[in-house]
Amino acid sequence: MRGRFAPSPTGEIHLGNVWTALLAWLQVRSAGGTMVLRIEDLDPDRSRPAYADKLMADMKWLGLDWDEGPDVGGRYGPYSQNERRALYQVALDRLAAADLVYPCYCTRAELAASAPHAGDQERLYPGTCRHSPVPADRRASRRPALRLAVPDGEIAFTDLHAGYVCQELAREVGDFVVRRSDGVHAYQLAVVIDDAAMEITHVLRGHDLLGSTPRQLLLYRLLGCQAPVFTHVPLLVDAEGYRLSKRQQALSVAALRAHGITPETIIGYLAWKANLIDIFQPVKAAELTGCFDTAKLPGEAVIVDGYELWQV
């Protein structure tokens with residue numbers, strides 16, 4: 001088994017990040033596998049090296065280690081998407097050579113006005129630039145994004161937690177972006193190339209990414225790569241049902257650490273919320289490998305309350 005944790009360095013990590021990192025780590029460690037850390041710093045506008053450094057320090061403090069990556073000063077450093085852009089372009093060139101991508105000149109405002117919603121914060125692309133000629137003045141004045149021409153048909157897979165998932169991409173999502181108009185390769189393409197190149201066999205991540213998995217499976221198929229086994233776990237939410245985010249600084253690892261919360265307390269709290277232990281008590285991550293079982297994980301979003309961390 002080869003698994004990975006692939007955070008974006010856009011802020012300090014919080015309990016929600018640690019939740020998926022811990023479960024991914026336990027899935028791999030319980031099987032005696034290899035854990036990969038990949039920093040998904042693909043977006044130059046939002047990613048910061050300082051956040052990546054802090055992220056690694058927090059993971060080590062929590063006892064969540066990793067096994068491989070570029071050798072940096074005699075230690076394993078994480079992989080960085082920013083250093084792998086040439087690989088994404090090679091894959092994009094392959095898709096273009098097979099006539100599977102086309103330029104899209106639509107603006108965000110135009111898409112917001114014309115495209116129906118395809119899901120949470122997503123819109124179904126109506127195929128404007130695929131089916132209609134683009135005026136010469138627009139081609140001359142705007143750099144296009146590149147979209148994948150999605151074929152008709154279903155994409156189906158069995159998730160180790162969510163079960164059977166089936167999506168008609170052409171009808172439910174439409175042609176999706178594989179390179180943005182600013183030249184940055186899209187997440188959907190980059191994550192497929194990285195997981196294939198790193199020979200990742202198992203991906204455990206948040207349920208919010210379940211809907212994007214069929215897009216990635218299509219890219220795996222078109223590029224002739226082996227897809228991993230997926231496990232999409234429920235998200236952590238606050239008392240009002242909102243997903244934890246980096247804006248909730250009170251639940252960041254840095255804030256909890258500053259208030260004297262120990263790494264064992266954080267790990268024990270999350271293991272308790274994941275139904276891996278019966279009572280909330282401090283525990284080290286390494287002590288949980290014998291407890292991991294995807295069948296034990298909650299079926300719905302998990303409510304967390306920072307005040308509970310002070311109860312041990």
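What we are looking at is a predicted model, in which local features need pLDDT of at least 70 and side-chain atom pairs count only at pLDDT 80 or more, while totals for chains, interfaces and linings use all residues. Residues are numbered from 1 along each chain as its sequence is written, and side-chain values use heavy atoms, with hydrogens and water left out.

The chain holds 11 helices and 16 strands, these being DSSP runs numbered from the N terminus, with helices (H or I) of at least four residues and strands (E) of at least two. Its radius of gyration is 21 Å, close to the 20 Å that the globule rule gives for 312 residues, so the chain is as compact as a globular protein of that length; the radius is taken over C-alpha atoms, and the rule is 2.2 Å times the number of residues to the power 0.38. Along its principal axes, the C-alpha trace spans about 65 × 45 × 35 Å. If we take the contacts (heavy atoms within 4.5 Å) with a separation of 6 or more, 74% of them are between residues 24 or more positions apart.

I turn now to the charged pairs. A search of the whole structure finds 15 salt bridges, a salt bridge being a side-chain nitrogen of Lys or Arg within 4 Å of a carboxyl oxygen of Asp or Glu. One of them joins the side chains of Asp-195 and Arg-38, at 2.8 Å from N to O, and this pair links distant parts of the chain, since Asp-195 sits in helix H8 (residues 187-197) and Arg-38 in strand E2 (residues 34-39), 157 residues apart. Both partners are covered, with Asp-195 buried at a relative accessible area of 2% and Arg-38 buried at 0%.

Which residue does Arg-84 meet in a salt bridge? The partner of Arg-84 is Asp-194, with the closest N and O atoms 2.6 Å apart. Arg-84 lies in the loop between strand E5 (79-80) and helix H3 (85-97), while Asp-194 is in helix H8, so the pair ties together parts that are 110 residues apart in sequence. Arg-84 is buried at 13% relative accessibility, and Asp-194 is buried at 0%. Leaving aside neighbours within four places in sequence, Arg-84 is in contact with Tyr-79, Asp-194, Ala-197 and Met-198.

A further salt bridge is formed by the side chains of Arg-130 and Asp-175, at 3.0 Å from N to O. Arg-130 is in helix H5 (residues 128-131) and Asp-175 in the loop between helix H7 (169-172) and strand E12 (177-179), so parts that are 45 residues apart in sequence are tied together. Here Arg-130 is partly exposed, at 38%, whereas Asp-175 is buried, at 6%. Salt bridges that share partners join Arg-4, Arg-38, Glu-40, Arg-84, Asp-194 and Asp-195 into one network.

Next, helix H9 (residues 213-223), which is mostly covered, with nine of its 11 residues buried, among them Arg-215, Gln-216 and Tyr-220. Just after H9, Gly-224 takes a positive phi of about 70°.

Asp-99 has a positive phi of about 60° although it is not a glycine; Asp-99 lies in the loop between H3 and strand E6 (101-104) and is exposed, with a relative accessible area of 65%. Asn-275, likewise not a glycine, has a positive phi near 65°, and its place is in the loop between helix H11 (263-273) and strand E16 (302-303), where Asn-275 is partly exposed, at 39%.

Note on methods. Buried < 20%, exposed > 50% of the residue type's maximum accessible area, 1.4 Å probe, protein only.
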